[in-house]
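Me: I should like to learn how to read a predicted model, one feature at a time. Could we begin with the arrangement of the copies?

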Protein chains: 2
Amino acid sequence: METAAGTHDFYHFLLDLAIILISTKVFGIFSKRIRMPQVVGALVAGVVMGPALLGVIHETDFIKKLAELGVIVLMFSAGMEIDLKEMKNSGKSGLATAAMGVLLPIVGGFLVAGAFNGGFANMDQKTFLQNVFIGVVLTATSVSITVETLKELGHLNSKSGTIILSAALIDDVLGIVLLTIVTGMSDTSVSLWPVLLKIVLFFLFAGVVGFIFYKVFERLTGEQRERRRYVLVAFSFCLILAWIAEAWFGVADITGAFIAGLVLSNTRQVHFINRRFDILSYILIAPMFFASVGLSIEKVDLSWSLLLLTVVLLVVAILSKILGCGLGARLSGCNTKESIQVGTGMVSRGEVALIVANKGLALGLMPALFTAPLILVVVVTTIVTPIMLKMVYPAKQTL
Amino acid sequence: METAAGTHDFYHFLLDLAIILISTKVFGIFSKRIRMPQVVGALVAGVVMGPALLGVIHETDFIKKLAELGVIVLMFSAGMEIDLKEMKNSGKSGLATAAMGVLLPIVGGFLVAGAFNGGFANMDQKTFLQNVFIGVVLTATSVSITVETLKELGHLNSKSGTIILSAALIDDVLGIVLLTIVTGMSDTSVSLWPVLLKIVLFFLFAGVVGFIFYKVFERLTGEQRERRRYVLVAFSFCLILAWIAEAWFGVADITGAFIAGLVLSNTRQVHFINRRFDILSYILIAPMFFASVGLSIEKVDLSWSLLLLTVVLLVVAILSKILGCGLGARLSGCNTKESIQVGTGMVSRGEVALIVANKGLALGLMPALFTAPLILVVVVTTIVTPIMLKMVYPAKQTL
């Protein structure tokens, strides 16, 4: 009913949504035609439509929040699909995988950063920290794209899929600890032990609250009358746990959402609920997330030295995860094929690394020189992960 | 992964979403218990949680846009559920209903405004326009709440339901024309005829594009392989038509969405598609819309004269629609019972009147004195409409 020209901007989000939905689907269909996961197409759609290429869509607060909601629902859904018994068996493997997959990228990132950031001979403390920070950025695994790809390939519940999920969960915790240590050293206002304590407290809190929620939910959902409200209760639980993780404990919201999904994974209504979130995802919020990763890329002027740095960082980023996580998986009893699958699944960096890098930039922990290469590393690892996963996993019948 | 305190605000929307989902559902269940439509509870939840009472949630840009998306999907869904043949039969009734339902509120609003705004004896041109404007605000029917209620009661496809929908569509157009005339007289920058021409052109445009889309969609959806993409294509079409309505023709976005739904209403896949949007609505965006109506209410200091004005405006707002639209329906062949049903269904003002009032305030067309009473009128008509509908429609078996 609003007709004034000045209100045009408010309605512009409708066009943005339509363009994102259409372009991610069209590129997705295309990538399926050339036998790649649809996620790749959706990511490329964001890059093409965003400021890096056509500039048709720019990331707005609305798109960012819908995208965040997309990641949360994706992780919630991933949690619901976890087989907890299988998870228990793979917990140790997950720990070994995550630890090795954090160690190698830190060392690799530190070495590359040192070489391009004044050398190792006269490294002062600030430069040392900066170089470590580049390593920390490289540790941040973003498992959402892997989850979506493994879902599409039908291997999310395989042994390696479960290890990837538990390793990513642990990786998330290790990443927060590392980020806190490095940022804590750059700034006296954050101290290490309270942060570690908070992380431990969050898991205790989530465990207790999750157990109570599980018991109450199972009792209440005996009747089967109005299943819609179960879906809303489950969703609200997920949103609140995600928010509490961030607001009270400084833990990533997606960790909260994932644990909420885990809590629901053993309930009677889990299939009904998960199916609803699957629909919510594909109609609206999952495309927002995938497109937003691409949208966050600005135009970059590449010089030869920058190109060299990018390529070296990229190779280190990919190999350090494949080798590190693969080694961790191998050490904890996987065969070679499964180890490679695990390592490959952990390559994707996604939005988490972007957020970490952004934070470092704000704190003066990251030389501006590294911004563009790191963004490119994030994008390329995110795009190649589904392609590589497709290569290392056997093809399955799709529906 | 973001742990800094400064980013707390970004994640706050998760808590807002959870509170809105929980409160609208809890209040909805409660209103169902006392035999009222759940929508009433959802609206009250917004008032209670919003700045008018508890102040737990404030309307953000994100909530506003999700709410707008909620209205659009609601109208899209309503369009898909329209039986076009039935609509053709009720087009004339719709026109008579809408015309009478616009005439009476204008006259009523003008009289009330005149009485409280300096009397009729020495009314200058500006005051005259202001008084007419109050009348115009009262004409704006918001049919979304009625649609949701009739859906819940199972009477959306009844004769009176169809008349309400077509009358509301025409009312929307008449409302835009009136708003344009009044604002056009207050400001020389907007002229009447180009606006009228634009409205006519929009319907021509929508008709042609809709026909082409229908033909292409029916051809493409013959295969039945990947029905998910039909849903995305339909949604994109709806979003684009809604955007085009606003951006190119200055017509309400919900009108575009409604017409997009109409175009799909005769396709083979309409039931599958509509079911998906039903899920999207109840999981996320419909609660946002209903809550946002309540959230838009600020705290109001009521004096006795303000209270009197509010009560008089409210009575005029309700009676002028019931009598006006009822008379229109009666004149075009409805029996008394159906006429009352139609009149009752048109009482709700909702967000449209709020937007119009807001616009008038910005243009100096509405004395500040009327702001609080008009907001209350909007809220109360919106809340009483489902209650009254429940009284004038026979009960049906619910699922």
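Reply: In this predicted model, chain B is superposed on chain A by a rotation of 180° with 0.0 Å of shift along its axis, at an RMSD of 0.0 Å. The two copies are thus related as by a two-fold rotation axis. The same surface serves both of them, since 100% of the contact residues of chain B recur in chain A.

Me: How many residues of each chain are in contact, and what area is buried between the chains?

Reply: On the side of chain B, 60 residues are in contact with 60 residues of chain A. The buried area is about 6,200 Å², and carbon and sulfur atoms give 74% of that area.

Me: How should the charged pairs across the interface be read?

Reply: Side chains of opposite charge can pair when their charged atoms come close. Here the rule finds two salt bridges across the interface of chain B and chain A. In one salt bridge the side chain of B:Arg228 meets that of A:Asp278, at 2.5 Å from N to O.

Me: Which elements of chain B give two or more residues to the side that touches chain A?

Reply: They are α1 (8-33), α3 (61-80), α7 (159-186), α9 (227-249), α11 (270-295) and α14 (350-362) of chain B. The most comes from α1(B), with 14 residues. By class, the residues of this side of chain B divide into 36 nonpolar, seven polar and 17 charged.

Me: Which salt bridge links distant parts of a chain?

Reply: Over all chains the structure holds twelve salt bridges. One of them joins A:Arg268 to A:Glu218, with the closest N and O atoms 3.5 Å apart. A:Arg268 is in the loop between α10 (253-264) and α11 (270-295) of chain A, whereas A:Glu218 belongs to helix α8 (residues 192-220) of chain A; the two residues are 50 residues apart.

Me: Finally, how does one compare the length of a helix with expectation?

Reply: One sets the expected span against the distance between the end C-alpha atoms. Helix α12 (residues 304-331) of chain B has 28 residues, which at 1.5 Å a residue should span 40 Å; its end C-alpha atoms are 40 Å apart, so the values agree. Just after α12(B), B:Gly333 takes a positive phi of about 100°.

Terms used:
Residues are numbered from 1 along each chain as its sequence is written. Chains are lettered from A and ligands numbered from 1 in the order in which they are written. This is a predicted model: local features need pLDDT of at least 70, side-chain atom pairs count only at pLDDT 80 or more; totals for chains, interfaces and linings use all residues. Side-chain values use heavy atoms; hydrogens and water are left out. Contact means heavy atoms within 4.5 Å. Buried area is the accessible area (1.4 Å probe) that two parts lose on being put together, summed over both. A salt bridge is a side-chain nitrogen of Lys or Arg within 4 Å of a carboxyl oxygen of Asp or Glu. Helices (H or I, at least four residues) and strands (E, at least two) are DSSP runs, numbered from the N terminus. Ala, Val, Leu, Ile, Met, Phe, Trp, Tyr, Cys and Pro count as nonpolar, Asp, Glu, Lys and Arg as charged, and the others, Gly among them, as polar. Copies are superposed by least squares on the C-alpha atoms of residues with pLDDT of at least 70 in both. The expected span of a helix is 1.5 Å times one less than its number of residues.
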